Amino acid sequence: MAVSTPRQKVGWGTANLVVVALALIPVLWLVSLSFKTPTAILDPSFVPSQWTTGNYYGVLHTATFIRPLINSIGIGLISTLISVVLASMAAYAVARLRFPGKSVLIGMALLIAMFPLIALVTPMFNIERAIGLFNTWPGLIIPYVAFGLPLGIYILSAFFREIPWELEKAAKVDGATPFQAFTKVIAPLAAPGMVTTAILIFLTCWNDFIFAISFTSTISSRTAPASLAFLSGASTFTVPTGPIAAAAVVITIPIIIFVLFFQRRIVAGLTSGAVKG
Amino acid sequence: MAEIVLDEVTKRFPDGALAVDKFSMDIADGEFVILVGPSGCGKSTTLNMIAGLEDITEGELRIAGKVVNNAAPKDRDIAMVFQSYALYPHMTVRQNMGFALKLAKTPQATIDEKVEEAARILDLTQHLDRRPANLSGGQRQRVAMGRAIVRDPSVFLMDEPLSNLDAKLRVQMRTEVSRIQRRLGTTTVYVTHDQTEAMTLGDRVAVMRSGLLQQVGSPKELYDSPVNLFVAGFIGSPAMNFMGGTLEEGKLRTSLGDFELSDRLRREVESAGSGREVIVGLRPENFEDAAMISADARPNGITFRTSIDVLESMGSDVYVYFTQARDQGVNAAELEELAEDSGRADTGASGDTVVARLDAATGVREGQEAELWVDGRSMHVFDPATGRNLSLAAKDGPGDAAPAPRPAAADGEVT
């Protein structure tokens with residue numbers, strides 16, 4: 001990169017600052033709200049005049065939030081696991097084999113990924129009610145897997161394509177069955193891709209609101225983002241702004257840490273196969 | 001230990017391209033056989049069919065007497081060395097070499113013992129716990145060899161194992177491969193496009209072109225008695241020189257001069273029915289500085305004057321290049337195709353340039369006129385229509401079943 005002049009430095013610095021501020025101010029406002037007392041909610045000052053952890057305490061002690069949090073983790077992990085396993089097999093086939101209907105499969109996967117979710121909610125709601133999946137874990141896991149797969153297939157097939165085919169031939173000659181060749185040679189090499197895919201799919205599930213609010217009716221299967229609307233205030237007459245803010249922070253912060261931690265890996269995974277011969 | 005029999009093995013790809021056409025060959029137990037040919041000739045496909053990595057469309061493949069057409073690679077008792085080595089990047093050298101045994105559920109103690117032994121043979125002992133990424137090209141190549149040796153298979157298959165090495169290492173490893181094969185006595189099929197490797201390594205060499213087996217024989221046989229134009233042009237470095245010739249009044253007229261023909265050769269040329277036009281092949285070492293030929297040897301060949309374009313001194317010999325007048329009436333298409341196959345077309349050297357290998361003591365100078373002598377006894381005469389070596393038939397008698405090269409129209413480029 002060319003050496004930048006002080007003018008350029010200032011220019012870029014200002015631009016960066018503006019972007020970061022725009023992105024962070026709502027989050028900071030949320031954090032600030034979550035520490036305000038119920039009576040000070042309407043206080044327009046950024047820094048709370050009176051700090052309280054009561055909102056957090058309340059949120060983490062009500063079943064209306066704790067149970068959905070557990071649901072979110074459980075549904076997210078199961079969906080991710082199923083998606084990654086299925087996607088890696090499908091991606092392997094897409095990357096390696098020539099079979100009739102391959103382009104149709106890829107096209108369908110892309111189509112699913114492109115489809116606006118909101119358009120599917122009503123028919124899926126009716127289907128789920130008809131077959132008894134409404135308000136159950138599988139009722140959310142199945143759509144999550146369906147929408148996680150295209151993403152997974154795309155990322156993983158890019159990874160598999162970068163693994164030299166000769167490695168697989170070598171494994172076959174060494175006496176591996178096709179399944180052993182996949183599990184002992186190909187899968188370990190594609191592990192970075194699988195981790196990336198898993199993280200992205202988990203984030204999608206974790207952040208989903210449309211399906212979560214539509215296909216659930218009680219806390220037995222409601223996920224954390226959907227549960228925010230059902231939090232109540234200290235009394236019937238208080239607006240539960242504080243608890244909602246606290247719950248939102250609880251949901252958001254782990255994800256932010258998670259993403260910061262895996263940032264390098266996610267970017268690397270999205271851009272390349274990271275396998276060196 | 002096993003012999004391999006290929007009986008009219010054919011490979012046709014789903015898109016209809018014929019990669020290997022009725023390949024028949026018997027490979028004896030412990031033999032070192034080289035498959036050689038220009039890229040796209042089907043040699044790697046043949047090897048992959050022996051390995052079981054490609055299906056056989058037609059024909060029969062037998063290893064150790066058993067038909068293995070439909071056997072999985074793991075049931076064929078073979079080991080393979082790949083061009084890219086195909087080492088598993090996530091395993092150490094030790095794990096790489098022991099992978100096959102581990103899959104076969106061999107006890108760990110036996111695996112360790114065998115890996116250690118192979119490492120000793122290949123001088124890899126101090127690298128056993130490193131990963132392939134931290135090894136040099138030569139070391140990786142040796143690990144790939146080691147992975148094959150550890151298995152103690154009945155057949156070794158090698159797919160251009162040395163082509164990723166630099167020139168010096170390649171020569172070293174060539175000797176190494178040869179030494180290991182002799183020591184283990186394992187039947188080996190080795191694919192290469194490098195005719196030097198083919199000539200130096202193999203007990204027998206099989207030359208392929210466009211999916212067809214051209215000729216099988218010892219390196220010397222291929223060099224001295226190529227059955228057709230292709231084998232003649234492919235084997236030998238520098239390659240054989242080709243020029244047009246016309247049969248007139250019992251003599252073979254070429255741009256270098258008139259050669260006397262033996263009666264048998266003349267009869268053979270005439271009975272080939274291709275008219276009087278032929279292609280004459282002369283190896284570079286058939287030429288010599290005329291001043292260095294004794295008077296009584298001279299009548300064996302012809303003497304001609306030419307101007308030397310380029311002179312390359314190799315120390316032990318001198319290569320001289322000169323241009324010969326383009327002859328009208330030669331079937332140039334066949335020669336050009338040949339030049340393409342051997343890669344000479346890429347170097348920009350025209351087919352009209354003749355290479356001669358002279359004794360180092362020659363007084364010939366670059367850019368000067370020189371008098372050269374060429375030995376007529378070792379001349380090859382080819383039928384321009386079929387490419388068949390007529391002089392060979394004249395030597396061995398008629399009825400020698402030499403496969404004719406495929407007509408150019410059927411040549412599908414296959415990789």
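This is a predicted model: local features need pLDDT of at least 70, side-chain atom pairs count only at pLDDT 80 or more; totals for chains, interfaces and linings use all residues.
Let me start in chain B with Ser210(B), which sits in the loop between strand S9 (204–209) and strand S10 (212–217) of that chain. The phi angle of Ser210(B) is near 50°, which is a positive value in a residue other than glycine. Is Ser210(B) buried or exposed? With 24 C-beta neighbours inside 10 Å, and with 20 being enough under the cut-off used here, Ser210(B) counts as buried.

Staying with backbone geometry for a moment, the peptide bond that joins Ser237(B) and Pro238(B) is cis, with omega at about -5°. Pro238(B) belongs to the loop between helix H8 (229–234) and strand S11 (241–248) of chain B.

Now to the strands. How many of the six residues of strand S8 (residues 187–192) of chain B are buried? The count is six of the six, so S8(B) is largely enclosed by the rest of the structure. If you look at the side-chain directions, Thr187(B), Val189(B) and Val191(B) point one way from the strand, while Thr188(B), Tyr190(B) and Thr192(B) point the other way, all of them buried. As for its partners, S8(B) pairs in the parallel sense with strand S3 (residues 32–36) of chain B, over five bridges, and there Leu35(B) has Val191(B) as its bridge partner. S8(B) also pairs in the parallel sense with strand S7 (residues 155–159) of chain B, again over five bridges, and in that case the bridge partner of Leu157(B) is Val189(B).

Finally, the helices. The axes of helix H3 (residues 108–122) and helix H4 (residues 137–151), both of chain B, come within 9 Å and cross at roughly 135°, which means that H3(B) is oblique to H4(B). The crossing in which H3(B) passes H4(B) is right-handed. On the H3(B) side the contact is made by Lys114(B), Val115(B), Ala118(B), Ala119(B), Ile121(B) and Leu122(B), and on the H4(B) side by Arg142(B), Met145(B), Gly146(B), Ile149(B) and Val150(B). By class, the residues of this contact comprise eight nonpolar, one polar and two charged.

Definitions and conventions:
Residues are numbered from 1 along each chain as its sequence is written. Chains are lettered from A and ligands numbered from 1 in the order in which they are written. Axes are lines fitted to C-alpha atoms, for helices over the stretch in contact, and angles run from 0 to 180 degrees between N-to-C directions. Helices (H or I, at least four residues) and strands (E, at least two) are DSSP runs, numbered from the N terminus. Angles under 35 degrees count as roughly parallel, over 145 as roughly antiparallel, 65 to 115 as roughly perpendicular and the rest as oblique. A crossing is left-handed if the near helix is turned anticlockwise from the far one by less than a right angle, and right-handed if clockwise. Two residues are in contact if their C-beta atoms, placed from the backbone, lie within 7 Å. Ala, Val, Leu, Ile, Met, Phe, Trp, Tyr, Cys and Pro count as nonpolar, Asp, Glu, Lys and Arg as charged, and the others, Gly among them, as polar. A residue is buried if 20 or more other C-beta atoms lie within 10 Å of its own, exposed if 12 or fewer, and partly exposed in between; C-beta atoms are placed from the backbone. Two strands pair if DSSP finds at least two bridges between them.
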